[in-house]
Amino acid sequence: MTVMAYGAYAADTPLESMQIMRRAPDPHDVAIAIVYCGICHSDLHTVRGEWEGTLFPCVPGHEIVGRVTAVGSNVTTFEVGDLVGVGCMVDSCQSCPSCAEGLEQYCEAGMVPTYNGPSADAPGHTLGGYAQAITVNENFVLKIRHGEEHLAAVAPLLCAGITTWSPLRHWNIGPGMKVGIVGIGGLGHMGVKLAHALGVEVVAFTTSADKCDAALALGADQVVVSRNADEMAAQADSFDFILNTVAASHDLDAYTALLKRDGTMTLVGVPEHAHPTPAVFNLVSRRRSIAGSMIGGIAETQEMLDFCADQGITADIELIRADEIEAAFERMRKGDVKYRFVLDTASLA
Ligand code: NAP
Ligand code: ZN
């Protein structure tokens, strides 16, 4: 089936309208009409060649929500008409120790990302959600229990939501803890909402003074403008956990110094250029850790979606047309995101 999509033919040419192929569902596939797709900073890093190895043409998009249009003959858990989501992965080996533990994102054979991954389908690599439709193996399709009226604001949960939820859960974040969220963009604003819902004291760190009121409204107990040295110093040695979502290279020591003894800062931002090497003394003097985390497994993504449906949590979004994606990328580069752009795929027709 041919569908309309939006993508780029090279790192230095703008995204444009293009036709792509989607396979007919095989016995274990779900065919989905995409209604909305969130716009992640990873889309920008990839399509602009900021990370190595981008395959062109590149159709980004891994915060996909839509409606099932057909299911393969062996699919029993989805029906035509269901509201569903697809996140950052569309396949994995399903048999290695990581997959067996429900950690498909760390598949030892390599998970297949929703775009820029290996595929038997044309053009030989996966193409993402800036498109009218997608066909995905049933094991990588999520159920959406939020009402249909929330669908656009649910899309960002499929990456920004799970990428912040997974480390909060892995590091057992809960009542009595003080947690910092660094960078109030797509991931960070979800991190604030989810940490708040988990019952912790939340401090938002931002470089944008104009985001302070919004960060409090999102659920932060306190906001620190990270460019202000006095505000930073007042937070020294006080955090159990810091989740760092910043999309650019920066001084990590400014944040490790804020951790208590045995505290951890987990990095989820993957900037184009490396961070300056962290100072060892900051780590050894309080047995502090710096860690990393990548998205989350499929079962955990469903758990997060269900938690958000129960708690009434969605993303704060700006809905845009396909011809506004380039402008959205430019605003993202400047940190001017409030707090996730979401593509309305009706604009692809
Ligand atoms: P985003 O919406 O652009 O938010 C990033 C935020 O970082 C900005 O809004 C800004 O917040 C802060 N920031 C501070 N200095 C910055 C600078 N010089 N340039 C850009 N941002 C700066 O991005 P996102 O979609 O949340 O993604 C954040 C990072 O996580 C990206 O690198 C992305 O590729 C990565 N990511 C990783 C995973 C994973 O699995 N680990 C998954 C998804 C995305 P303030 O204005 O508050 O300072
Ligand atoms: Zn993403």
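1. The second largest pocket. In this predicted model, the second largest pocket holds about 330 Å³ of space. Its lining counts 22 residues. Arg23, Ser119, Asp121, Thr126 and Thr135 are the ones that lie nearest the pocket's centre.

2. What builds that lining. Two strands, S6 (89-91) and S8 (133-137), each supply at least two residues of the lining of the second largest pocket. S8 gives the most, with four residues. By residue class, the lining divides into nine nonpolar, seven polar and six charged.

3. The zinc site. Which protein atoms are donors of the zinc ion (ligand 2)? They are SG of Cys40, NE2 of His62 and SG of Cys159. These donors lie 2.0 to 2.2 Å from the zinc ion. Water is not among the atoms, so the site may look incomplete.

4. Spacing of the zinc donors. Along the sequence, the donor residues follow the pattern C-x21-H-x96-C. Cys40 sits in the loop between strand S3 (29-39) and H1, while Cys159 sits in the loop between helix H3 (151-154) and helix H4 (160-170), so the pair ties together parts that are 119 residues apart in sequence.

5. The surroundings of ligand 1. How many residues surround ligand 1? The count is 30. His41, Thr206, Thr207, Ser208 and Arg340 are the closest. The shell divides into 13 nonpolar, 14 polar and three charged residues.

6. Polar contacts to ligand 1. His41 places a polar side-chain atom 2.6 Å from an oxygen atom of ligand 1. For Thr207, a polar side-chain atom also lies 2.6 Å from an oxygen atom of the ligand. For His45, the distance from a polar side-chain atom to an oxygen atom of ligand 1 is 2.9 Å. On its own, ligand 1 has 900 Å² of accessible area, and the protein covers 90% of that.

7. Helices around ligand 1. Helix H1 (41-47), helix H5 (186-197) and helix H11 (325-333) each supply at least two residues of the shell. Which of them gives the largest share? H1 does, with three residues.

8. Where the two sites meet in sequence. H1 spans residues 41-47.

Technical notes:
Residues numbered from 1 in each chain as written. Chains lettered and ligands numbered in written order. Predicted model: local features only at pLDDT ≥ 70, side-chain atom pairs only at ≥ 80, totals over all residues. Heavy atoms only, no water. Near = heavy atom within 4 Å. Polar contact = N/O pair within 3.5 Å; in protein donor to acceptor, adjacent residues only side chain to side chain. Areas by Shrake-Rupley, 256 points an atom, 1.4 Å probe, with all protein chains shown as cover. Nonpolar A, V, L, I, M, F, W, Y, C, P; charged D, E, K, R; others polar. 1 Å grid on protein atoms, 1.4 Å probe; cavity = no way out; pocket = protein on both sides within 12 Å on 5 of 7 lines; lining within 4 Å. Points joined across faces, edges and corners; volume = space filled by probe spheres on them. Donors = N, O, S within 2.8 Å, 3.2 Å for Na, K, Ca; no water.
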